[in-house]
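Dear colleague,

Please find below the structure that I am handing over to you. My notes on what was found in it follow directly after.

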Amino acid sequence: MPSPSDWLARPFPEPLARLVPLALDLHWTWNHAGDAVWRQLDESLWDRTQNAWLVLQSVPSERLEHLAGDAGFLRDVRAFEDARERYRATPSWRPAGATSLPRVAYFSMEFGLHDALPLYAGGLGILAGDCLKTASDLDVPVIGVGILWQQGYFRQVIDARGWQSELYPYNEPASLPVQPVVTAGGERLRIPLTFPVRTIVLRAWQVRVGRTMLYLLDSNDPFNAPADRGLTSTLYGGVSEVRLLQAVILGVGGWRLVQALGLDVEVCHLNEGHAAFLVVERARAYRERHRTTFGEALWATRAGNVFTTHTAVPAGFDLYPPDEIEHYRPYFEEYVEGLGLSWDEWLGYGRQDRSDPGEPFNMACLALRGCSWVNGVSRLHGQVSRRLFAGVFPRRPEAEVPVSHITNGVHVPSWDSPWTDDLWTRAAGKGRWRGDVTALTDAMLRLSDEELWAVIERERDDLVRYARERLLRKLSRHGRLDIAARTARDVLRPERLTLGFARRFASYKRPNLLLADPERLLRLLTDRVRPVQIIVAGKAHPNDAEGKALIQRWAQFAARPEARLHVVLLDDYDMRLAAELVQGVDVWINTPRRPWEACGTSGMKVLVNGGLNLSTLDGWWAEAFADECGWAIGDARGAEAAGDDGDAHQLYALLEDEIVPAFYDRDAEGLPRRWIARVRASMARLAPRFSSARMLQEYVEKIYVPAASLLRRRSDRAAGVAARLEQWSRHLSRHWAGIRFGEPFADAGPGRLTVSVAVYLGQIEPESVRVELYADSRGSEEPFAMPMAPVEAIPGEPNAAVYRLTVETGRPASDFTPRVVPQHPDACVPLELPLIAWLR
């Protein structure tokens with residue numbers, strides 16, 4: 001591998017050569033031990049960008065030569081190195097009783113680690129970046145696998161009319177904190193994807209993220225044709241064919257990269273359905289290595305695959321209509337034949353109803369069928385996902401659709417301000433986010449009102465400074481610099497209640513709910529005694545004209561003379577702007593139409609900084625909300641209950657009657673005690689609970705460890721578990737239609753019910769299934785499903801018996817019905833075999 005200084009490709013004084021690996025390790029994005037070093041290199045550039053790699057690339061050679069002889073600077077560099085080594089030596093977090101953990105490969109179409117590496121579009125990528133950072137903090141063996149986008153997602157410009165336009169600056173790899181992956185022989189590692197008419201070569205890259213690594217692929221290799229070089233150009237851009245090939249690059253190319261690196265990965269985590277082809281390629285590689293059928297290979301490898309869905313509406317899935325997928329058949333036909341599958345069998349893996357040729361090919365269905373573990377990203381989203389995937393499990397009660405949930409969390413050290421970092425360190429210690437976070441609540445509850453309010457005011461002051469600077473740069477593009485400077489200087493005030501609204505501008509997020517009554521909002525903002533100000537930011541999808549119009553309405557409102565000093569619309573919403581906002585706002589507003597937001601982590605980021613949430617009861621806030629921690633819009637019935645007008649009225653009323661008075665209600669010491677009490681409760685109770693440390697620990701304990709255990713059991717060729725599972729599932733699928741029931745008999749007594757029924761299994765052995773008595777939920781009661789026992793064989797009938805169960809219940813017999821479901825100690829039912837037979 002070339003040395004880091006070779007990759008920088010510029011002369012470097014020897015004493016400072018060690019700065020390069022420090023800048024290439026993105027640990028600096030959430031650890032501030034090196035801030036003094038980067039600031040000394042170029043204070044202005046560092047303060048403006050917070051980008052160590054850019055600073056190191058940009059510093060003049062004369063400045064480097066001077067600093068190479070500066071003893072004080074060299075001491076700071078050594079102190080930085082020492083801090084990094086102490087971090088790397090931090091004891092690993094492990095679940096109780098565990099000495100080692102399985103290696104996990106986390107596949108994601110986007111990763112949001114820092115603006116120095118702009119490979120993200122929004123929340124999905126930020127979550128992936130936070131996951132890798134947390135894996136480094138806890139020393140959980142997770143690697144990332146993604147794509148090095150040449151342009152990535154767009155940069156936003158809002159013109160003088162308030163209309164969004166898009167720019168796509170090129171990501172030159174040499175200007176990014178990445179390094180090429182090289183083989184033992186010193187050659188660039190390249191991953192081939194062979195299609196019938198051509199081979200696409202993928203270059204491999206690596207990014208150090210503290211104690212873990214992110215590996216990336218790109219197709220911009222001179223070996224490729226121009227069209228193929230552009231496949232990894234734009235994130236979520238291009239035509240359907242390009243999007244499909246990008247999914248192949250991530251899934252198929254990503255698994256081949258893992259194998260080429262020689263990494264002993266047991267668990268593959270699919271962050272959304274974009275990586276679904278991974279499950280096929282992993283099974284194909286197993287089949288080729290062990291000379292098995294595809295079915296057996298899928299049973300063996302599926303146990304180690306995890307699928308996290310982030311989609312809350314059917315339109316959010318990547319769908320390819322039948323005629324479209326038929327058009328792409330030449331890409332896949334030879335590959336599919338190599339799996340031993342027919343074309344229709346292959347397409348069936350991507351349909352809800354495998355036998356319906358009219359269904360589109362759904363990447364989420366392919367991911368679901370190739371994984372033994374599926375979860376949503378909040379409690380409410382788990383419920384929504386069970387409804388969305390119900391078609392894959394026909395005749396199953398919705399509550400039994402096998403989608404669990406692990407609520408997202410945020411990497412707190414990436415989002416806390418320097419002042420809250422210091423506050424939390426004094427209260428709970430430096431390594432507080434690297435282990436069990438449940439103990440942090442008590443520590444934060446002990447903080448004084450004075451300490452909390454001082455930090456909140458310092459953060460708000462810093463946000464006002466930053467917003468003015470950013471607004472000045474925006475206005476300078478539109479006209480005279482002197483006018484822009486006066487305008488930016490006058491907006492916002494550090495003592496005012498500050499609201500924040502920043503997210504993707506899409507109609508279901510209702511970004512203009514606050515503009516439902518502009519005059520009422522204006523009166524609220526411009527109150528002479530209790531003024532309010534708001535900072536708004538966000539992007540619309542390039543093809544979403546409605547979303548762009550929503551941005552324009554905010555631009556027009558902010559341009560009104562009466563609103564100008566109280567409303568700031570900032571463009572190009574990126575990670576730096578997001579961090580400044582969540583660190584400085586008093587109230588974070590979120591108004592999605594329930595239940596369309598899967599989780600929504602932006603509001604979690606204000607928790608550690610003392611901001612409060614005002615949100616619809618959707619996503620994470622549906623399970624987090626408590627009166628003492630924030631405010632809720634609407635109720636659990638969703639937006640349809642009161643409608644947008646009703647929710648807008650409640651939003652205004654909460655601001656007017658509760659939020660503004662609480663903020664400005666000061667005691668003799670000038671402190672808003674009621675407000676601070678809410679801040680303390682929110683910080684102490686919610687920040688640890690919605691941290692990515694808690695999230696990743698849940699994934700490890702609930703999914704990764706059991707997934708690896710199941711994978712080892714099924715992959716043991718000598719034990720033959722996968723082969724037996726394939727035979728079992730084929731046998732049941734072939735003979736399932738032959739299951740019959742006799743008429744049930746119910747005997748009811750006081751608080752008791754006995755149900756008997758004759759069950760004829762035909763060619764299916766009784767030990768392969770479970771006969772159950774089932775009742776739907778009623779009121780507060782959970783659904784009931786208990787196994788029935790065979791009590792009497794039926795002469796002359798193969799595999800037939802009378803089954804019986806007595807239950808303690810006051811419910812009528814009509815609430816209960818017998819059913820038959822598959823049963824195997826090594827299978828995940830119904831996820832891996834969704835058969836079910838009901839009495840009626």
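Four strands make up an open sheet with antiparallel pairing, in the order E27-E26-E30-E31. Strand E27 (784-787) and E31 stand at its edges with a single partner strand each, so one side of each has no neighbour in the sheet. Strands are said to pair if DSSP finds at least two bridges between them; helices (H or I, at least four residues) and strands (E, at least two) are DSSP runs numbered from the N terminus. Strand E26 (residues 769-775) and E30 are joined in the antiparallel sense by seven bridges, and Val769 stands opposite Pro822 in E30.

Please note that this is a predicted model, in which local features need pLDDT of at least 70 and side-chain atom pairs count only at pLDDT 80 or more, while totals for chains, interfaces and linings use all residues. Residues are numbered from 1 along each chain as its sequence is written, and side-chain values use heavy atoms, with hydrogens and water left out.

Another antiparallel pair consists of strand E28 (residues 789-793) and strand E29 (residues 800-807), joined by four bridges. Ala789 has Arg804 as its bridge partner in E29. The hairpin of E28 and E29 has six residues between the strands, and Gly796 in this hairpin takes a positive phi near 80°.

Most residues other than glycine have a negative phi, and most peptide bonds are trans. Asp139, in the loop between helix H8 (123-138) and strand E4 (142-147), has a positive phi near 55°. Asp139 is partly exposed, with a relative accessible area of 24%; on this scale, buried means under 20%, exposed over 50% and partly exposed in between, with a 1.4 Å probe and protein chains only. Leu492 also has a positive phi, near 60°, and is found in the loop between helix H22 (481-490) and strand E17 (497-502). Leu492 is buried, at 0% relative accessibility.

The bond from Arg594 to Pro595 has omega near 0°, and Pro595 lies in the loop between strand E20 (587-590) and helix H26 (602-607). The bond that joins Val829 and Pro830 is cis with omega about 10°; Pro830 is placed in the loop between strand E30 (816-822) and strand E31 (837-838).

The loop between E20 and H26 also holds Glu597, which is buried with a relative accessible area of 6%. The side chains of Glu597 and Asn590 form a polar contact of 2.9 Å. A polar contact is a pair of N or O atoms within 3.5 Å; within protein, one must be able to donate a hydrogen and the other to accept it, and residues adjacent in sequence count only if both atoms are side-chain atoms. Leaving aside residues up to four places away in sequence, Glu597 touches Ala312, Tyr508, Lys509, Asn590, Pro592, Asp618 and Gly619, where contact means heavy atoms within 4.5 Å.

Arg282 belongs to helix H11 (residues 277-290) and is likewise buried, with a relative accessible area of 5%. The side chain of Arg282 reaches the backbone oxygen of Glu266 at 2.7 Å. Beyond residues up to four places away in sequence, the contacts of Arg282 include Trp255, Cys268, Asn305 and Leu711.

On a 1 Å grid over the protein atoms alone, a cavity is a set of points where a 1.4 Å probe fits but cannot get out, and a pocket is an open set with protein on both sides within 12 Å along at least five of seven lines; lining residues have an atom within 4 Å of a point. Grid points are joined across faces, edges and corners, and a volume is the space filled by probe spheres set on the points. There are six cavities of 30 Å³ or more, and the largest cavity has a volume of about 50 Å³. Its lining includes Tyr106, His269, His310 and Tyr699. H8, strand E11 (267-271) and helix H30 (692-715) each give two or more residues to the lining of the largest cavity. That lining has six nonpolar, five polar and no charged residues, with Ala, Val, Leu, Ile, Met, Phe, Trp, Tyr, Cys and Pro counted as nonpolar, Asp, Glu, Lys and Arg as charged, and the others, Gly among them, as polar.

The second largest pocket has a volume of about 1,000 Å³. Of its 34 lining residues, Tyr349, Arg354, Arg369, Ser733 and Leu833 lie nearest the centre. Helix H12 (294-302), helix H15 (343-348) and helix H31 (721-735) are the elements that give two or more residues to this lining. By class, the lining of the second largest pocket comprises 14 nonpolar, nine polar and eleven charged residues.

With kind regards
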